[in-house]
Structure formats: structure tokens, C-alpha cells
Amino acid sequence: PSIDAALYADPANALYGTAKVLADPALSRLGADGALHLTPEGAERLRAAAAALGTERTAINGRYLAALLSEARASGDAQYPLRLAGFDRMIGAGGKIRLPGWQDSQPFGRLFAAAIPDSELQAYEPRLIARLQDGLYSLSPENLRRLQMRPRSLNAREQRSAATPLVTAELN
């Protein structure tokens with residue numbers, strides 16, 4: 001649903017179009033051979049997205065994603081006319097991908113990183129500043145560690161308070 005909402009807001013966005021093809025089982029599927037098989041509609045959308053990635057201003061890693069998508073070849077199958085061979089080997093453990101020219105595996109999602117124009121962020125700037133009350137110190141390693149620990153601490157308290165009535169009932 002979030003991909004559909006993004007496409008509704010910006011139907012020509014190549015990143016959204018690519019994500020839709022990869023995520024929608026009506027447009028693509030991973031075959032037993034490890035290839036990503038694309039339906040006719042999925043193939044058409046993927047070709048259009050790959051062609052647009054070079055000019056998509058928001059696609060920070062668009063050239064890498066375009067290189068990946070350009071590896072798709074005709075399959076000769078009318079039901080799935082385009083396939084991306086070895087897709088299962090490209091995406092490794094933990095959702096990481098290794099592309100030609102990259103030293104290390106990178107998170108697959110990094111290919112979909114988008115730059116947001118300043119004009120779209122200006123509306124949120126006052127709230128962001130209000131949350132960073134201590135300036136950049138709010139982003140210090142110690143404060144970030146505390147932020148990570150907070151949900152775990154709250155969860156432990158909830159579990160303890162939920163278990164307390166049971167212990168009391170057993171003692172009575």
C-alpha cells in the first residue's frame with residue numbers, strides 16, 4: 001500500500017516504479033531457477049523505470065539500480081517475457097546485494113535511497129529543531145544509545161507490571 005500511495009503521488013518516479021515491480025507478485029515472481037521472472041506488465045514497467053533512472057534526480061544510487069535492471073533478458077515465455085537471471089544470488093544473506101564495481105555487499109534497500117529536495121523538508125524543519133533541543137549534542141553516541149534502550153526499558157516494565165498480579169494471586 002505504501003508503494004501504491006507513493007506512485008499515486010508521483011506516478012513517474014522511477015524508484016517507486018521499480019519497487020512496485022519487485023514487490024508486487026502480479027508483476028514479478030522469483031522462479032525455482034533463481035531468476036526474477038516478470039509478467040508483460042512488469043517487464044514494461046521495469047523497462048520504463050530503468051530508462052528513467054538516469055534522469056531521476058531523487059535516485060541517489062539510480063545508476064547502480066539501472067545497471068542491475070539492465071541485466072534483464074528476454075525469456076521467450078509469453079507469460080513471463082523478461083527475466084533477471086541469478087537474482088537469488090544477487091540478494092544475499094540479510095538482504096544485501098553485491099553489484100559489479102562495489103567492494104562490499106550493500107543493503108538492497110540502499111539502491112532505493114532517495115534525496116528529498118529542501119523545499120519538501122522546510123515544513124518539517126521547526127519540529128525537527130524542537131526535537132533537537134540540545135542541538136547536535138542530541139545526536140551524540142550516548143544520547144542515541146539511550147534512545148535505543150528506552151523502548152526495551154518500557155517493554156520490560158510492561159512485562160513486569162503484567163506479571164505482578166499473577167505473582168500476587170499465587171501468593172494469596
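Q: How do the side chains of Lys20 and Asp24 meet?
A: They meet in a salt bridge, with 3.1 Å from N to O. A salt bridge here is a side-chain nitrogen of Lys or Arg within 4 Å of a carboxyl oxygen of Asp or Glu. The model is a predicted one, in which local features need pLDDT of at least 70, side-chain atom pairs count only at pLDDT 80 or more, and totals for chains, interfaces and linings use all residues. Residues are numbered from 1 along each chain as its sequence is written, and side-chain values use heavy atoms, with hydrogens and water left out.

Q: Are Lys20 and Asp24 buried or exposed?
A: Both Lys20 and Asp24 are buried. Buried means under 20% relative accessible area, exposed means over 50%, and partly exposed lies in between (1.4 Å probe, protein chains only).

Q: Which other residue forms a salt bridge with Lys20?
A: Asp4 does, and the closest N and O atoms are 2.7 Å apart. This pair links distant parts of the chain, since Lys20 is in helix α2 (residues 14-23) and Asp4 is in helix α1 (residues 2-9), 16 residues apart. Helices (H or I, at least four residues) and strands (E, at least two) are DSSP runs, numbered from the N terminus.

Q: What are the relative accessibilities of Lys20 and Asp4?
A: Lys20 has 13% and therefore counts as buried, whereas Asp4 has 39% and counts as partly exposed. Asp4, Lys20 and Asp24 are linked in a network of salt bridges.

Q: How many salt bridges does the count come to?
A: The count comes to 4 salt bridges. One of them joins Arg45 to Glu41, with the closest N and O atoms 3.2 Å apart.

Q: How far apart are Arg45 and Glu41 in helix α3?
A: They are 4 residues apart in helix α3 (residues 40-53), so about one helical turn separates them. An α-helix has 3.6 residues a turn, so residues three or four places apart point the same way. Arg45 is partly exposed at 33%, and Glu41 is partly exposed at 44%.

Q: Changing topic, what is the order of strands in the open sheet?
A: The open sheet has 4 strands in the order β1-β2-β4-β3, with antiparallel pairing. β1 (28-30) and β3 (73-74) stand at the edges with a single partner strand each, so one side of each has no neighbour in the sheet. Two strands pair if DSSP finds at least two bridges between them.

Q: How many bridges join β1 to β2?
A: There are 3 bridges between β1 and strand β2 (residues 36-38), and the two run antiparallel. Ser28 stands opposite Leu38 in β2.

Q: Which residues of helix α4 are buried?
A: In helix α4 (residues 62-69), the buried residues are Gly62, Leu65, Ala66, Leu68 and Leu69. Seen down the axis, they fall within an arc of 160 degrees, so they line one face of the helix. The arc is taken from the directions from the helix axis to the C-beta atoms.

Q: What do the buried residues of α4 pack against?
A: They pack against α2, α3, β4 (82-84), α5 (87-90) and β5 (96-97). A contact means heavy atoms within 4.5 Å.

Q: How many helices and strands does the whole protein have?
A: The secondary structure comes to 8 helices and 6 strands. Buried residues make up 28% of the 172 residues.
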